[in-house]
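Please look over the model shown below before reading the notes that accompany it.

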Amino acid sequence: MRTAVAAVGGLILLALAWVTATANREHATEQLSFTKDAYVDHGTYFRLKVDFDYKGEQQHYDIVVGCNVLNIHYKDSSSTYEAGLIPTVWGQRMGDGKAVVIRAPDACRGDTTENGGVPADFLPVMVVYENADTMAFGTGYMTDDAYRSPKSVLRFDKATVERATRAEFDAFRANGPQNIITRSQYHSAQNDYQLALLGLPRSYLAFGRSCSAFSRWRLSGPEREIVRKYRPSTAARYWTISQTLLDTTTQASLTSEIREARKKAKKQTRDDGLALGVNGGFWQPDFGALRRDGTQLVGLKASSKGSSTTKAAAFYPADTSMRQDKWPVERTARIAAYETLQSVNTTNIDVDDGRNRGFAYCYLGDRPPTKELGDKVWALPATTTIDGKDVVAGAPEHWGYGFYRAELVFDGDEYVLERVLFNLESTRGDV
């Protein structure tokens, strides 16, 4: 009997405990549902300061960047959002209607100028956009070679990275200067589904966030011998070998042989004679812009065994007649322009006797507004050019939706130009 009473009493206590726990849970949920911002902040923050001169006018950018910034909104806002690097890109309008944009480095592991994670000579990637209203086309300063060019409109002075707090980040977002790049412009390179998830309208024109260039290398003696084997006897000064349906192996064989010759020599040489290590000279803007004579990458401190510096390749800007800003914004006018199109310039590389060294062109490629026009443009004759006039022999003869293009362009048997792409966007980035 006592055992039965004890058992019943135990059940009653368990029931009371369950009721109490449920009530507490409901009370906690009720409190939480009226919380506007409830989150555990695992983000890191840094302040980026950049001093530079634009066409004789001194400029100072002072922005606060967040990494893995998390906000959770409940009933009143009903949304969750996390940004990996924000703002990834940030800029201001200049007095002449153009805009200067800076790409923030990935200093998300506590790297600062003071602790050596960011080098003292840190040079961020900067881009001058032609139209501050559209932000569709810009000239990127990808290495310090660009600042030495007679075409440069920037003079770089100094950039530093300091630790910051969430409070400083929030204050900058609320009260700091407005970013020239809108969220819609930044994300409009994405598909309709992704834009819908973000609740953003599509901007046409979209932010020019892909920076196209070619690195130019002087061919060594062994490399020249390889190139001469493949060069057509009737080739002009500029030539290439394209992969086609009838020939899917020659281009790959040429590329492989050049790569093996460089590995054997343990170096490759810029067009101005500076030697670099094999596969060296190119990094994405996450690590900052490279310098001709070498610099430490952001986040990669010099080791105890010696300096971990990286030298820059010699880059030259490239674009296409299919870039977005070359087409009318209004759809009817755009369709009419495509209907009268007679040919496509798939790629143009601006070398200009070395004066364009260090630059890249930043833009997004356009696509015809209808499938029928896409089929028409695909079949149109296409060219690849140097400096807008010298035609590259052997380049793809059709646009092919942008997939048919020269990856290597040879200047006789003396130099080779190799396609590269710098990405201004970042993983889960935003503005």
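## Basis of the model

This is a predicted model, in which local features need pLDDT of at least 70 and side-chain atom pairs count only at pLDDT 80 or more, while totals for chains, interfaces and linings use all residues. Residues are numbered from 1 along each chain as its sequence is written, and side-chain values use heavy atoms, with hydrogens and water left out.

Ser321 sits in the loop that joins strand S15 (315-319) to helix H8 (331-339), where helices (H or I, at least four residues) and strands (E, at least two) are DSSP runs numbered from the N terminus. Because its relative accessibility is 21%, Ser321 counts as partly exposed, a class between buried (under 20% relative accessible area) and exposed (over 50%), with a 1.4 Å probe and protein chains only.

Leaving aside residues up to four places away in sequence, Ser321 touches Lys326, Trp327, Val344 and Asn345, contact meaning heavy atoms within 4.5 Å. The Ser321 side chain also reaches the backbone nitrogen of Asn345 at 2.9 Å.

## The two sides of helix H3

In helix H3 (residues 166-175), the buried residues include Arg166, Phe169 and Phe172. These cover an arc of only 125 degrees around the axis, so they lie on the same side of H3; the arc is that of the directions from the helix axis to the C-beta atoms. Ala167, Ala174 and Asn175, on the other side of H3, are exposed.

How values were computed. Polar contact = N/O pair within 3.5 Å; in protein donor to acceptor, adjacent residues only side chain to side chain.
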